[in-house]
Amino acid sequence: MADLAAIPDSWTVWNESEDGRVVLAYRPDVFNGDAFPAPCLPTLYLTHGKRTRRPGSNPGTADDDWHVTLYLEPEVHLRETNRFPARPAALERLVELAERFDRGEIDYRDLYQVPREAYFERLDELTESGDLEE
């Protein structure tokens, strides 16, 4: 079983709740408004129930309703279903997505409706080399 100690160094545990929810942030040291815009901070969420649900409405959030979502921006996310019957399986997927993103294996270009080529080039450098070249 995976645990949060297995995430790549490029990811930071932004929040870990007592109820099992986890938020990871990718390279918050560079997504600070100078090198990369802060709203573009890639984040991974492990939630109990869908993260996109409206507050106060969470039908069917039983123990078997865990979700993992990768966001590149608030409205831009990886469009794949990552729903799991138990938290350990969801945590394993969270770590796997963190590793794949860090290695540059997730094609984030397809997630954007409007291409942002300069941003993509900089993000390519960051995910493939692990370092941001100034």
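Burial is defined here by relative accessible area: residues under 20% are buried, those over 50% are exposed, and those in between are partly exposed (1.4 Å probe, protein chains only). On this scale Asp-124 is buried, with a relative accessible area of 18%. The structure is a predicted model, in which local features need pLDDT of at least 70 and side-chain atom pairs count only at pLDDT 80 or more, while totals for chains, interfaces and linings use all residues. Residues are numbered from 1 along each chain as its sequence is written, and side-chain values use heavy atoms, with hydrogens and water left out.

The nonpolar core was examined next. Such a core is a set of buried Ala, Val, Leu, Ile, Met, Phe, Trp, Tyr and Cys residues joined through side-chain atoms within 4.5 Å. The largest one holds 36 residues, of which Trp-11, Leu-24, Phe-31, Leu-44, Leu-94 and Phe-101 touch the most other members. At least two residues of this core come from each of strand 2 (22–26), strand 3, strand 4 (66–73), helix 1 and helix 2 (117–129). Helix 1 gives the most, with seven residues. Helices (H or I, at least four residues) and strands (E, at least two) are DSSP runs, numbered from the N terminus. Contacts (heavy atoms within 4.5 Å) of Leu-24, leaving aside neighbours within four places in sequence, include Leu-4, Ile-7, Trp-11, Pro-42, Leu-44, Leu-94 and Ala-98.

Aromatic rings of Phe, Tyr and Trp (its six-membered ring) pair if their centres lie within 6.5 Å; planes under 30 degrees apart count as stacked, over 60 as edge-to-face and the rest as tilted. By this rule there are eleven aromatic pairs. One of them joins Trp-11 and Phe-101 edge-to-face, at 5.7 Å centre to centre and 70 degrees between the planes. This pair links distant parts of the chain, as Trp-11 lies in strand 1 (residues 11–16) and Phe-101 in helix 1 (residues 87–102), 90 residues apart. Both Trp-11 and Phe-101 are buried. The pair of Tyr-119 and Phe-120 is tilted, because the ring centres are 6.1 Å apart and the planes stand at 50 degrees. Tyr-119 and Phe-120 are both buried. A single aromatic cluster includes Trp-11, Phe-31, Phe-36, Phe-101, Tyr-119 and Phe-120 among its members.

A charge sits over a ring if NZ of Lys or CZ of Arg is within 6 Å of the ring centre and within 35 degrees of the ring normal. The charged end of Arg-116 is placed in this way over Tyr-119, 4.7 Å from the ring centre. Arg-122 lies over the face of Phe-36, at 5.1 Å from the ring centre.

Eight salt bridges were found in the whole structure, each a side-chain nitrogen of Lys or Arg within 4 Å of a carboxyl oxygen of Asp or Glu. Arg-116 forms one with Glu-73 (2.2 Å, N to O). Since Arg-116 lies in the loop between helix 1 and helix 2 and Glu-73 in strand 4, the pair ties together parts that are 43 residues apart in sequence. Arg-116 is partly exposed at 27% relative accessible area, whereas Glu-73 is buried at 17%. Arg-93 is buried, with a relative accessible area of 12%, and Glu-80 is partly exposed at 30%. Asp-124 meets Arg-109 in a further salt bridge (2.5 Å, N to O).
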